[in-house]
Amino acid sequence: MSWNEPSDRGDGSDSGREDRERRDPWQRDRRPQNDSSDDDGFAFITDFWKKLSGGKGGSPFDKKSSSPVKGAMLILLLVVLGIAVTGFYTVREAERSVVLSLGKFEKVEEPGLHWYCPFLQSYKTVDIQMVRSTRSKGSMLTQDENVVNVEMEVQYRIDNPVNYLYQTVNPDDSLNQATDSALRYVIGHTSMDDVLTNGRERVRQATRELLGNIISPYKMGLSIVDVNFLPARAPEEVKAAFDDAIAAQEDEQRFKREAVAYKNEVIPKAEGKARRLLEEAEGYQREVVAKARGDVARFEKILPEYLRSPEVTRRRIYLETMEEVYGSNPKVIINTGSKGAQQLMYLPLEELIKKGGKQ
């Protein structure tokens, strides 16, 4: 026997059904399929459809009020709207966007907000301001057949996004290979002493110039910013010997600098002394010549006087000469004038007193 749910009225009337629906939450919340109230999740589409149909009412999901043509139009409209919304993209200040139409290059977009058709177009953004770097290193043979471990770093920037993306396959790796080739060529034409010591700048400049010539025909879309030649070193097996050789070269350079400094110090002093001696000699020459000329002029003045009175002139010349001689002589000689008397010499007491005071 089947079980029948009890009810207030056993005749199965509508009031019993209402009681069962009241107790069943699923029956209570269930709504008819043709209900197009504003509480529906598609209320926005329904309102849009009313505006599109001229306010005649209905819903595109209502089978009674919609037609296949209008439904297709709605779907097409939604697809176009989705494409329009998803086609917007932003290019940052440091980037450039390369746009392709059906796989063919069309244009390069500048920074800002742009739009593209997702089904017909595609784009790729490239940072053209970021400085990238690559390194090339290894053991290389020098011109004098020595092995040296060298390393070089190349800094570069993208200057042509189209060539960088589509002209060369993997331009970064191509630049690395070109750097290795250029570096090996330059090292192979340079002696080991130049690579390790004073020829490093020439190696760097030559490598940068050769690298630019190598990558130019390939149109990689790259520009070299700087080339840094890192410190080179000899292989570990002979490192000690090369360290001694480098130390000897550094000592040689130091001795040369010290010799140049000593030369710069001594030569000016010698030149100054020589110039002073020359000036003193020239002054002495002028003094002697002037004195000789003065003696000649004085003799020419005395000669007429001597011709007029020789005895008086001779006596006067004698007295003047003796005055000059005794005036500069500290010794005093007294002659009494008597015959056979001894001459008495007096030493200058003033000079002796002065000397005694100094002692």
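Is E252 buried, partly exposed or exposed? In this predicted model, E252 counts as partly exposed, because its relative accessibility is 39%. That value lies between the cut-offs of 20% for buried and 50% for exposed. The partner of E252 in a salt bridge is K256, with the closest N and O atoms 3.4 Å apart. K256 is also partly exposed, at a relative accessible area of 44%. Both residues belong to helix α9. They are four residues apart, about one turn of the helix. Elsewhere, salt bridges with shared partners link E201, R204, R208 and D226 into one network.

Helix α9 holds a further pair, D251 and R254. Here the spacing is three residues, again about one turn of the helix. Their side chains form a salt bridge with an N to O distance of 3.6 Å. D251 has a relative accessible area of 33% and is therefore partly exposed. R254 is likewise partly exposed, at 33% relative accessibility.

Helix α9 spans residues 239-308 and also contains L303. L303 has a relative accessible area of 37%, so it is partly exposed. Together with F299, Y306 and L307, L303 forms a nonpolar patch on the surface. The accessible area of these four residues comes to about 420 Å².

A salt bridge also joins D194 and R202. Its closest N and O atoms are 3.5 Å apart. Over the whole structure, the search returns 19 salt bridges.

Helix α6 covers residues 171-188. Its 18 residues should span 26 Å at 1.5 Å a residue. Several α6 residues are buried: P171, S174, L175, A178, T179, A182, L183, V186 and I187. These buried residues pack against both strands and helices. The strands are β6 (132-141), β7 (147-158) and β8 (222-229). The helices are α5 (161-166), α7 (192-196) and α8 (200-215).

Helix α8 contains E209. At 56% relative accessibility, E209 is exposed, because the value passes the 50% cut-off. In sequence, E209 and V227 are 18 residues apart. In space, their C-alpha atoms are 10.0 Å apart.

Strand β4 (residues 112-115) includes H114. H114 counts as buried, because its relative accessibility of 15% is under the 20% cut-off. The side chains of H114 and E109 are joined by a polar contact of 3.2 Å. Leaving aside residues up to four places away in sequence, H114 touches G87, F88, Y89, V91 and E109.

At the level of the chain, the secondary structure consists of 11 helices and 10 strands. The protein chain has 359 residues, of which 21% are buried. Among contacts with a separation of 6 or more, 60% link residues 24 or more positions apart. The accessible surface of the chain is about 27,100 Å². Carbon and sulfur atoms account for 55% of that surface.

Definitions and conventions. Residues are numbered from 1 along each chain as its sequence is written. This is a predicted model: local features need pLDDT of at least 70, side-chain atom pairs count only at pLDDT 80 or more; totals for chains, interfaces and linings use all residues. Side-chain values use heavy atoms; hydrogens and water are left out. Helices (H or I, at least four residues) and strands (E, at least two) are DSSP runs, numbered from the N terminus. The expected span of a helix is 1.5 Å times one less than its number of residues. Buried means under 20% relative accessible area, exposed over 50%, partly exposed in between (1.4 Å probe, protein chains only). Contact means heavy atoms within 4.5 Å. Patches are made of residues with over 30% relative accessible area and no salt bridge: like charges are joined within 9 Å, nonpolar side chains (Val, Leu, Ile, Met, Phe, Trp, Tyr) within 5 Å. Accessible areas come from the Shrake-Rupley method with a 1.4 Å probe; for residues, only the protein chains shown count as cover. A polar contact is a pair of N or O atoms within 3.5 Å; within protein, one must be able to donate a hydrogen and the other to accept it, and residues adjacent in sequence count only if both atoms are side-chain atoms.
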